[in-house]
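Please keep the sequence and the 3D view open while reading.

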2 protein chains.
Amino acid sequence: VSILASDEHTEIHSFREQLIVVLVRARNPGNIGSVARAMHDFGFANLRVVNDFPVPFEAAKSAVDASEVMRTAGSYASVAEAVADCTLVVGTTAVGERDLRQELLQLPQAAQRIRAESAMDAGRVGLLFGSEKTGLSNAELSYCHWLLTIPMAKYPGMRHPSMNLGQAIAVCLWELGREAPQTGPEGLTPNRTTSADSAALERMTTLLIQVADATEYNRRHAANADPEQIRRLVRRIGVDSGDAPVWMGLLRQILWKLGRQPRE
Amino acid sequence: VSILASDEHTEIHSFREQLIVVLVRARNPGNIGSVARAMHDFGFANLRVVNDFPVPFEAAKSAVDASEVMRTAGSYASVAEAVADCTLVVGTTAVGERDLRQELLQLPQAAQRIRAESAMDAGRVGLLFGSEKTGLSNAELSYCHWLLTIPMAKYPGMRHPSMNLGQAIAVCLWELGREAPQTGPEGLTPNRTTSADSAALERMTTLLIQVADATEYNRRHAANADPEQIRRLVRRIGVDSGDAPVWMGLLRQILWKLGRQPRE
């Protein structure tokens, strides 16, 4: 995709290419289209849509005014597949009353951290948005390294603030792009490491779940050992792509020692 | 309107009350509704709609999920009336190829300036948005003290970037609210002056046009003397509400001396 960032943003061109917007269960083609428009406006090109049925996505793709963003967008059957090649996955949430299990940052701090990590790490960044009605489920959020929320006004008697999807994405992308990062594409930190991608983290998660089972950890500490908790546990550590195979080798070795065949 | 700003924004409550979103020629009730939603999300309550016919506004007002913002919104027949009580009027524009005659700031700098001026000046701030299709006309922009644009990505072969109205307003309001101002409501600059409001500036404009005519300035310098240019000229100076009557007194005196009856 050939994009010329505007003059004032030339230096973060590569950051914009690293970022992938992942729309989960967006059922309304108009919503998907308005997300694509906001991405196009702010110079982001990578859109992925996760749906258990293909209809809204195809409708949005075939719209007359569908942009390049829409035409090159990918369709995925699950969050795991959509973020498999991402080294950082950030979930968005309106918070509300849900009991969140992950670190939560407000948008300005979250954008700063995403930019800083992108400058250090060459990997892809997945930014997840749920449906307007329900947001992201805890299971979907468990694929995220941490969470982001847009601070909103509070009103007496109103407990669940939520934004229009296209507006929320416009605000997030604006904030992500509003400051140039410390380092431009030429001035990137030398020898950037690459974090383990989500597919590797998910293989580690599977192995760790097996280890918890094989060691009866999941019986003694059932409260810590359900799959979503272990998935979050793995995302909280920072494993780079070189170390991930080492950790997985260790986990496989543990399973072998316990007389289990690792499943993968 | 009773609003509790979110905790992190308590200190700029009064700034949010000073700001008025003015929608000019928004013909689509859905658009007006989405603007009201973004305002509600970010704690802004004052919406004014300028239309030469009342239909879309009434439709938006009567929508089932219309918020308090929508219900208290005012309807105006002209930009001049909608901003009459504002001491600062800022127009938004996608720039494009239009030949702009006023100072233009990018959103981050514009937001900073609006916040700084609101902290110094107790008057109302009008933020004008045009229709998605045509934006604001030069005549409408001439009521503005200066202009604001949201920097967007540039693409080869595409000359007119423009944003979805609801998304543009969400991004502007987010940026306006994202930082606390230097001074909170209790810590406001003592003895804040109040700038002359737009109604006063417009009376000055009318008098100055008459003076230009009476003195034949408009014949010798026709290029500087059309009404929109004089309107912009008056907005570029900073007249406070105490000085405005003095200036108008002077202009009336000039007209009287020239044998003209000032019209008002």
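## A nonpolar patch on chain A

For nonpolar side chains, a patch is made of residues with over 30% relative accessible area and no salt bridge, joined within 5 Å. The model is predicted. In it, A:V246, A:W247 and A:L250 make a nonpolar surface patch of about 310 Å².

A:L250 belongs to helix 12 of chain A, which covers residues 244-257. Its relative accessibility is 47%, so A:L250 counts as partly exposed.

## Chain A as a whole

Chain A contains 12 helices and seven strands. Of its 264 residues, 49% are buried. Among the contacts in chain A with a separation of 6 or more, 84% are between residues 24 or more positions apart.

The accessible surface of chain A is about 12,100 Å². Carbon and sulfur atoms account for 53% of that surface.

## Positive phi angles in two loops

Most residues other than glycine have a negative phi. Two residues of chain A are described here against that background. A:R25 has a phi near 55°, which is positive, and A:R25 is not a glycine. This residue is located in the loop between strand 1 (19-24) and helix 2 (29-41) of chain A.

A:E216 is likewise not a glycine and has a positive phi, about 65°. The loop that holds A:E216 runs between helix 9 (198-214) and helix 10 (217-220) of chain A. With a relative accessible area of 40%, A:E216 is partly exposed.

## Parallel strands in chain B

Strand 2 of chain B spans residues 46-50, and four of its five residues are buried, so the strand is largely enclosed by the rest of the structure. Strand 1 of chain B (residues 19-24) runs parallel to strand 2 of chain B, and five bridges join the two. Within this pairing, B:V24 is opposite B:V50 of strand 2.

B:L107 is part of helix 6 of chain B, residues 107-120. Is B:L107 buried or exposed? Its relative accessibility is 0%, and buried means under 20%, so B:L107 counts as buried.

Apart from neighbours within four places in sequence, B:L107 is in contact with one residue written with chain letter A, A:W174, and with B:L148, B:T149, B:I150, B:P151, B:V171, B:C172 and B:E175. B:E175 is 68 residues away from B:L107 along the chain, yet their C-alpha atoms are separated by 7.5 Å.

## Salt bridges

Side chains of opposite charge can pair when their charged atoms come close. Over all chains, the structure holds 26 salt bridges. One of them joins the side chains of B:R124 and B:D85, with an N to O distance of 3.3 Å. This pair links distant parts of the chain, 39 residues apart: B:R124 is in strand 6 of chain B (residues 124-129), and B:D85 is in the loop between helix 5 (79-82) and strand 4 (86-92) of chain B. B:R124 is partly exposed at 40% relative accessible area, and B:D85 is partly exposed at 27%.

A salt bridge also connects the side chains of B:E202 and B:R235, at 3.0 Å from N to O. B:E202 sits in helix 9 (residues 198-214) and B:R235 in helix 11 (residues 227-236) of chain B, so the pair ties together parts 33 residues apart in sequence. Both partners are buried: B:E202 has a relative accessible area of 17%, and B:R235 has one of 2%.

In the salt bridge between B:R260 and B:D213, the closest N and O atoms are 3.0 Å apart. B:R260 lies in the segment after helix 12 (243-257) of chain B and B:D213 in helix 9 of chain B, so this pair ties together parts that are 47 residues apart in sequence. B:R260 is partly exposed at 33% relative accessibility, as is B:D213 with a relative accessible area of 36%. In chain A, salt bridges that share partners join A:R48, A:D85 and A:R124 into one network.

Terms used
Residues numbered from 1 in each chain as written. Chains lettered and ligands numbered in written order. Predicted model: local features only at pLDDT ≥ 70, side-chain atom pairs only at ≥ 80, totals over all residues. Heavy atoms only, no water. Buried < 20%, exposed > 50% of the residue type's maximum accessible area, 1.4 Å probe, protein only. Contact = heavy atoms within 4.5 Å. Patch = residues over 30% accessible without salt bridge, like charges linked within 9 Å, V, L, I, M, F, W, Y side chains within 5 Å. Areas by Shrake-Rupley, 256 points an atom, 1.4 Å probe, with all protein chains shown as cover. Salt bridge = Lys/Arg side-chain N within 4 Å of Asp/Glu carboxyl O. Pairing = 2+ DSSP bridges.
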